[in-house]
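Subject: Structure for your review

Dear colleague,

Please find below the structure that I am handing over to you.

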Amino acid sequence: MPQTYEFPRGFLWGSATSAYQIEGSPLADGAGQSIWHRFVRTPGMVKDGDTGDVACDHYRRYRDDVALMKSLGLKAYRFSIAWARILPDGTGRVNPGGLDFYDRLVDTLLENGIEPLATLYHWDLPAALDDRGGWLNPDIADWFAEYASVMYRKLDGRVKKWATLNEPWVVTDGGYLHGALAPGHRNKYEAPIASHHLMRSHGAAVKAYRAEGKHEVGLVVNLEPKYAASGSADDKAAVARAHAYMNRQYLDPVFKREYPAELREIFGDAWPEWPAEDFELIGQKIDFLGVNYYTRNVTKNDPLSYPLKAVPVKQDATYTETGWEVFPQGLTDTLTWVRDEYGNPPVYITENGSAFYDPPRAEAETLEDPLRVDYLGKHLKAVHAAIAEGCDVRGYMAWSLLDNLEWSLGFSKRFGIVHVDFATQKRTPKRTARVYADIVASNGRALGAPPR
Ligand code: BGC
């Protein structure tokens with residue numbers, strides 16, 4: 001008998017974006033500069049000198065984009081709020097123009113029957129706060145809670161699902177250790193400090209939510225399962241380090257109130273001690289975990305690689321344009337690992353998707369993107385398998401609604417289920433969007449249908 005793919009009732013089907021990647025108009029209506037506004041202006045940091053000055057022009061076209069979501073039958077939309085639009089100096093003065101934008105966006109979503117999921121921080125720190133040390137300054141936990149409270153007071157009730165941070169690992173690894181992302185630091189001593197203050201800030205925003213909000217608050221992490229390249233003890237130890245660094249570093253403190261022991265081995269004398277009360281702040285109960293999943297990593301020991309002494313091993317498999325192996329089983333494995341390790345928390349897949357080549361112009365009403373269609377279907381089946389194994393997965397947000405600014409890779413990588421012609425801003429659904437619309441409308445059953 002062919003397998004059927006019915007998802008649980010009320011499963012939340014949607015798509016995701018982030019502010020700097022799509023909005024454009026970064027300084028409109030009184031907004032302050034963010035670190036990305038600066039970083040894109042630093043020569044050599046972003047491919048082809050691309051910027052988010054226009055991006056998808058979503059700041060002005062949000063109504064059309066919401067109509068597009070509705071036409072695809074999407075039930076939810078995960079977006080992020082640009083902190084510097086709300087508090088141009090990062091703290092203190094609130095900017096009504098910035099608040100208005102998200103107010104209108106949320107109302108437009110609700111009018112169209114689409115549930116908003118708001119992320120408070122998706123990498124665009126106010127530049128004014130970077131000038132005060134950014135994520136290295138311990139005061140940032142208070143700054144973040146202040147900003148979060150402004151948003152809770154404005155939108156809680158209309159927004160019922162809040163995420164504090166998007167992917168603290170990327171913020172630190174890209175922003176403070178390897179320097180490929182804003183603010184572009186490369187410093188082993190800074191990295192653990194930035195991570196810890198990110199997690200304290202998460203905790204402070206959860207605490208503020210319990211005072212101000214009445215619905216759900218959670219954290220979004222990117223998880224990438226690690227598999228040993230061989231059965232050797234060295235490779236197994238390399239996997240343990242890689243797993244602790246990327247995955248457990250941000251979940252153990254939330255669910256177990258401690259960091260994994262491997263981090264001391266990785267960072268050596270750069271690994272600080274932190275007071276016990278910090279873990280009480282970080283380890284407050286969250287209502288859901290957001291999981292972003294893209295790929296896996298087969299890992300082997302390599303004494304020369306910094307800082308993990310571990311490197312990925314290329315597989316005989318399909319790779320996306322960002323060089324990531326397509327490995328749907330890794331999503332099931334990740335979800336069952338979260339179930340077993342952290343007490344089966346409610347999970348939303350807050351991002352999953354793929355960059356494959358699409359042309360700059362779409363010539364038909366639907367752009368054919370067979371590799372992305374295949375990626376979507378296989379990963380949704382992997383989510384379904386995890387649910388069948390008892391994982392409490394409650395929703396799936398495709399990354400991304402639109403082709404957008406892929407950070408330091410500029411517009412060169414297209415993750416959208418909808419194509420954007422950046423010369424004209426024309427939106428064209430890709431086949432993935434059409435297939436996804438059928439899956440959403442049938443609550444998953446269309447996954448069992450023969451390919452067309
Ligand atoms: C981020 C997105 C990014 C995507 C693809 C995630 O790490 O949250 O902003 O575009 O991956 O690289």
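This is a predicted model: local features need pLDDT of at least 70, side-chain atom pairs count only at pLDDT 80 or more; totals for chains, interfaces and linings use all residues.

I began with the ligand. The residues around the ligand are Gln21, His122, Trp123, Asn166, Glu167, Tyr294, Trp324, Glu351, Trp399, Glu406, Trp407 and Phe415. Sorted by class, this shell comprises 6 nonpolar, 3 polar and 3 charged residues.

For Glu406, a polar side-chain atom is 2.5 Å from a ligand oxygen. For Trp407, the corresponding distance to an oxygen atom of the ligand is 2.9 Å, and for Tyr294 an N or O atom of the side chain lies 3.4 Å from a ligand oxygen. On its own the ligand would expose 310 Å², and the protein buries 94% of that area.

I then turned to the pocket. The ligand sits in the largest pocket, which holds about 1100 Å³ of space. Its lining consists of 49 residues, and those nearest the centre are Trp169, Asp173, Glu224, Met246 and Trp324. By class, the lining has 25 nonpolar, 15 polar and 9 charged residues.

Which elements supply at least two residues each to this lining? They are α8 (168–177), α10 (233–256), β8 (297–301) and β9 (310–312). Of the elements, α8 contributes the most, with 4 residues.

Yours sincerely,
A colleague

Note on methods
Residues are numbered from 1 along each chain as its sequence is written. Side-chain values use heavy atoms; hydrogens and water are left out. A residue is near a molecule or strand if one of its heavy atoms lies within 4 Å of it. A polar contact is a pair of N or O atoms within 3.5 Å; within protein, one must be able to donate a hydrogen and the other to accept it, and residues adjacent in sequence count only if both atoms are side-chain atoms. Accessible areas come from the Shrake-Rupley method with a 1.4 Å probe; for residues, only the protein chains shown count as cover. On a 1 Å grid over the protein atoms alone, a cavity is a set of points where a 1.4 Å probe fits but cannot get out, and a pocket is an open set with protein on both sides within 12 Å along at least five of seven lines; lining residues have an atom within 4 Å of a point. A molecule sits in a cavity or pocket if more than half of its atoms lie within 2 Å of its grid points. Ala, Val, Leu, Ile, Met, Phe, Trp, Tyr, Cys and Pro count as nonpolar, Asp, Glu, Lys and Arg as charged, and the others, Gly among them, as polar. Grid points are joined across faces, edges and corners, and a volume is the space filled by probe spheres set on the points.
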